[in-house]
Amino acid sequence: FTSKAGLHIKSSWRELVASNQGKMTESIKRRVEFLKANPIAPQNLPVTDLLDVLYYDGPDSPVFTGEGGRQKADFGRFGVRLEYMAVSAVLLSKQETFKYYVFFILASFMGKYATEIFYTLHLLDIISINNTLKNVTRSVSVNSNQLLMTGILMAIFIFIYTYVGFVFFAEDYFLISIQSPSKVEIGERGENFCQSLLHCFASTINLGLRNSGGIADVLSGISFERRERYFARVAFDLTYFILI
């Protein structure tokens, strides 16, 4: 990767310059073209002109490299060179290969100084050598925005149901299988898993999504004798099952 870093940076700069050229004003374009046609030592140019050349024509512009690009880029001012290096670092960090190496370096570091569990992440290296797995991960990453917004919408719906459940059916959020250490000592079994709105929300996500019948699978049943509450629970359980 390090041997190709320069190529990655150059190609990224070309893409950036091509994008910038359509956004620059006519006055900037004319000024840059004038500087290219009438070379002036970069040290004698103001910083604003140097930056305009950098973003409009790129670091390989004749203004920096001389006619024919025969010399190493001379940006004239330290601040301009510093900006070039900073932008290059950002462009390089967007490369998938760079992210790949950073991920595994961090995994190695955490495995060394935190817990050896992080070493198992190196098994994901199979993705980089298998084209089928690359296509699978690409299909997810390409649609990441849609998946994210879908997840947010689902979380909103779950929160709405959580709030309704917390206000009207909090006593039904009870599981006999939960063993509270403080209650075991006195022989009590079970625990309410909707003791606060946050607790209720976490429980609804955890149990509601993992059960095939939705959150109704873990809520206590209601006698038909309490008809208003019974039908309210039927509507609550069925709409949760259908929507989520």
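Helix α3 is followed by G58, whose phi is positive, near 90°. The structure is a predicted model, in which local features need pLDDT of at least 70, side-chain atom pairs count only at pLDDT 80 or more, and totals for chains, interfaces and linings use all residues. Residues are numbered from 1 along each chain as its sequence is written, and side-chain values use heavy atoms, with hydrogens and water left out. Helices (H or I, at least four residues) and strands (E, at least two) are DSSP runs, numbered from the N terminus.

**G58 and helix α3**

- G58 is found in the loop between α3 and α4.
- Is G58 buried or exposed? G58 is buried, because its relative accessible area is 3%; buried means under 20% relative accessible area, exposed over 50%, and partly exposed in between, with a 1.4 Å probe and protein chains only.
- Not counting residues up to four places away in sequence, G58 touches V17, V53 and F64, where contact means heavy atoms within 4.5 Å.
- The C-alpha atoms of G58 and N20 are separated by 9.9 Å, and the two residues are 38 residues apart along the chain.
- In helix α3 (residues 47-57), the buried residues are D49, L50, V53, L54, Y55, Y56 and D57.
- The cover over the buried residues of α3 includes α1 (5-21), α2 (26-37), α4 (62-65) and α5 (78-93).
- P39 lies in the loop between α2 and α3 and counts as exposed, because its relative accessibility is 65%.

**Aromatic pairs**

- A search of the whole structure finds 18 aromatic pairs; rings of Phe, Tyr and Trp (its six-membered ring) pair if their centres lie within 6.5 Å, and planes under 30 degrees apart count as stacked, over 60 as edge-to-face and the rest as tilted.
- The pair of F169 and F236 is tilted, because the ring centres are 5.2 Å apart and the planes stand at 50°.
- This pair links distant parts of the chain, with F169 in the loop between α9 (144-168) and β1 (174-175) and F236 in helix α12, 67 residues apart.
- Both F169 and F236 are buried.
- A cluster of W13, Y55, F64, F75 and Y84 is linked by ring pairs.

- T162 is found in helix α9 and is buried, because its relative accessible area is 0%.
- Leaving aside neighbours within four places in sequence, T162 is in contact with L197, C200, F201 and T204.
- Between the C-alpha atoms of T162 and P59 the separation is 56 Å, for residues 103 residues apart along the chain.
- I242 belongs to helix α12 (residues 227-243) and is exposed, because its relative accessible area is 65%.
- The C-alpha atoms of I242 and R138 are separated by 30 Å, and these residues are 104 residues apart along the chain.

**Overall architecture and dimensions**

- The chain contains 12 helices and 2 strands, and its pattern along the sequence is α-α-α-α-α-α-α-α-α-β-α-β-α-α.
- The chain has a radius of gyration of 30 Å, whereas a compact globule of 244 residues would have one near 18 Å; the radius is taken over C-alpha atoms, and the globule rule is 2.2 Å times the number of residues to the power 0.38.
- Along its principal axes, the C-alpha trace spans about 95 × 45 × 35 Å.
- Of the contacts in the chain with a separation of 6 or more, 53% are between residues 24 or more positions apart.

**Surface and charge**

- Buried residues make up 27% of the 244 residues in the chain.
- The accessible surface of the chain comes to about 16200 Å², and 62% of this surface belongs to carbon and sulfur atoms; the areas come from the Shrake-Rupley method with a 1.4 Å probe, and for residues only the protein chains shown count as cover.
- The chain has 24 positive and 22 negative side chains, with the centres of the two sets 7 Å apart.
- Lys and Arg count as positive and Asp and Glu as negative, while His and the chain ends are not counted; the place of a charge is taken as NZ of Lys, CZ of Arg, CG of Asp or CD of Glu.
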